[in-house]
Amino acid sequence: MFVFCAKSTFSQSISLRELLATPYVGKIVAASKANRLAFAVNDSGHRNIYYVQGPAYKMHKITAFDSDDAQEISSLAMSADGKWVIFVRGGDHGANTAPVATNSASLVKATSIEIYSYNVEENRLYTIGLGNYPSFHPDGKHITYSRSGQVWTAPLDKDNGGKQLFHVRGIASNMQWSPDGSKLAFVAKRGDYSFIGIFSTMSNRIKWISPSFYTDAFPQWSPKGDKLAFVRREAVGGPLDSLTSFSYQPWSIRIADVSTGESKEIYKAATKREATFPRIAGQVNLQWKHADYITFMSYEDGWPHLYRLDSRNNKVQQLTKGTFEVNDFAYNNAGTKIVFAANNGLDTYDFERSHIGVVDVESTAMSMISNGEGIEMAPFYFNNDNLIGFRSSTYNSPPQPNIYDMASKKNIAVGNALFDDKDNDFVRPEQVFITAEDGIKSSAQLFKPRNGKSNGAALVYIHGGPRRQMYLGWHHSDYYFNDYIVNQYLAQLGYTVLSINYRMGTGYGFDFQHPDSSGNLGASEYLDVLAAGKWLQQQKGIDPAKVGLFGGSYGGYLTAMGLAKNSDIFKVGVDIHGVHNRQRKQNPDFYAPDFELASRLNWDSSPSRWVDSWQSPVLLIHADDDQNVAFSQSIDLYKRLKSRNIAVEALVIPDENHHWQMFENLVNVKEATVEFLNRKLHNNK
């Protein structure tokens, strides 16, 4: 069992602001051939990089971005020898749109997205300049990155030394250097389709790999550098036969001979629902690290698992098996083993946690190497495959860097000093199950009031996504890291909080993630939220007239659905940047025969459609630079509610985006949420 080692004492007087000031440890990276790590920390809006070296693992803060200026850190990476760290500062990389510079702090000076490099041994930070998505060149002295849709390169040890490597039409992405560093494979996105090209330092022309009327992506070099694997999908366009039935997306894997540019299909996904192009992080997650085997992810057996494709004979074999979801993985240096995270383990409720496992690519033998009540994620090998790094949390301990020693089988917690003065008074979430009126069973975590001191009020918390899963402990995503804090704080105030993992979410298999009549085709997932509200009403110590709900993004959408359709159950709600009007506005002449049916279902799946039955008060919260949910969505609902004299309040935050990048804005949103719930559920004003 992995154990969090930081100080854990309790205080009854800790404020929500103090809890939200708990440092958030983001991405952790390490040197594949050295005992060195680096990780990003957000401490009350101060985002910085820390570096540690084993075996002492003493923390060194290597950047000094010590103001709440809302500039995120992304693309963190470390060179194989551990001498260099690179990262990007600025932008909103969780946006649905392409990353653009954001100014959530309303700074007078315009912001930008910039790349930095840090020399560990010289303790020196370099400003590479404008750009995004950097990666190390095989020579260990340069980086390759994207700038204005083009491919650039720069030396690691020079300020503003970047230059464009070559010109290409469209937007270049997925850059991958060959093992010897002489050729660069990339994807050229050209609207409805994309090509794979190869730039060579020995040629003045781009070589195009098997161009076609398809969308090609995810290029991966063979270990020898003589072949290239990639994924082929249908391009956008052509007739649509239905907008209201499941749309299977075919895909295949091809191997190209780099010398000729010709390719052949070596794998074609089965023609069944589960084998459709996967809607998970990284999608297919194509990798070619082993000399003979290519690996990829698929839902083909009903769960997202790793598969092995033999490049010699095209045979496919499943590597991970079971009723669990693989959501992170990384290879060792030799390409023979894969370490992964999955909601799998020995405990009955480990489907609501995440643990670390290892699978042998050659023998397919699989084993789990962590267990217990912790939540372990994002594992990777480092230090010549002798160590495994990952993040770990518990119900009352935030995510922090951890190291597993392969030889001693011991675990080392890193960065304890970050949390030494951080106390909390958290309750242990309880696992419950909720059955909707149509028989679908959902999983949920119940936060009971500390010491049983209930105030009689209860809340349904609804996560966003909807492709997410909440756990029996502190979440590792920064958005839900903070929502978990709010749920715990509400429990301290005497609320009973039920966090529902409704259908469409991840962690429970393909069928649960792709239910009938869901989303804009009927919102069947709302039945799980409704069932959660009814379940709370029946629990001992809860006043049935004091049940509310709240959530952000898709959770905001379902909050609005609850208030619109069932104000008889949900007496108050906080709807944070939710979608409210799902009407289609396209010309039906260019769409499928069931366009009219789809349009009706879209409107019936919109909270704005049901405002006539809306009675309960609501707080609408939205930032106007939201790149995930249009600000106009809340304007639409606000105007409809005002016209009906429904008690609606608004918190509007100029310049902020979907992810509350400025700490003061985050605190403002969470404090306003709690204040509104308190006022409406207890004072009835």
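**Exercise 1.** Is Phe-65 buried, partly exposed or exposed?

*Solution.* Start with the ground rules: this is a predicted model, where local features need pLDDT of at least 70, side-chain atom pairs count only at pLDDT 80 or more, and totals for chains, interfaces and linings use all residues. Residues are numbered from 1 along each chain as its sequence is written, and side-chain values use heavy atoms, with hydrogens and water left out.

Next, the cut-offs: buried means under 20% relative accessible area, exposed over 50%, and partly exposed in between (1.4 Å probe, protein chains only). Phe-65 has a relative accessible area of 14%, so Phe-65 is buried.

**Exercise 2.** Describe the ring pair that Phe-65 forms with Tyr-116.

*Solution.* First, the rule: rings of Phe, Tyr and Trp (its six-membered ring) pair if their centres lie within 6.5 Å; planes under 30 degrees apart count as stacked, over 60 as edge-to-face and the rest as tilted. A search of the whole structure turns up 35 aromatic pairs. In the Phe-65 and Tyr-116 pair, the centres are 5.7 Å apart with 65° between the planes, which is edge-to-face.

Now place the partners, 51 residues apart: Phe-65 is in the loop between β4 (60-61) and β5 (73-78), and Tyr-116 is in strand β7 (residues 114-119). (Helices, H or I, at least four residues, and strands, E, at least two, are DSSP runs numbered from the N terminus.) Tyr-116 comes in at 9% relative accessibility, so Tyr-116 is buried.

**Exercise 3.** Find out what surrounds His-580.

*Solution.* Locate His-580 first: look in the loop between β37 (573-576) and α6 (595-604). With a relative accessible area of 0%, His-580 is buried.

Then check polar contacts (a pair of N or O atoms within 3.5 Å; within protein, one must be able to donate a hydrogen and the other to accept it, and residues adjacent in sequence count only if both atoms are side-chain atoms). The side chains of His-580 and Asp-575 make one at 2.5 Å. A polar atom of the His-580 side chain also lies 3.3 Å from the backbone oxygen of Gly-578.

Finally, list the contacts (heavy atoms within 4.5 Å). Leaving aside residues up to four places away in sequence, His-580 touches Ala-560, Asp-575, Ser-606, Pro-607, Ser-608, Gln-633, Ser-634 and Leu-637.
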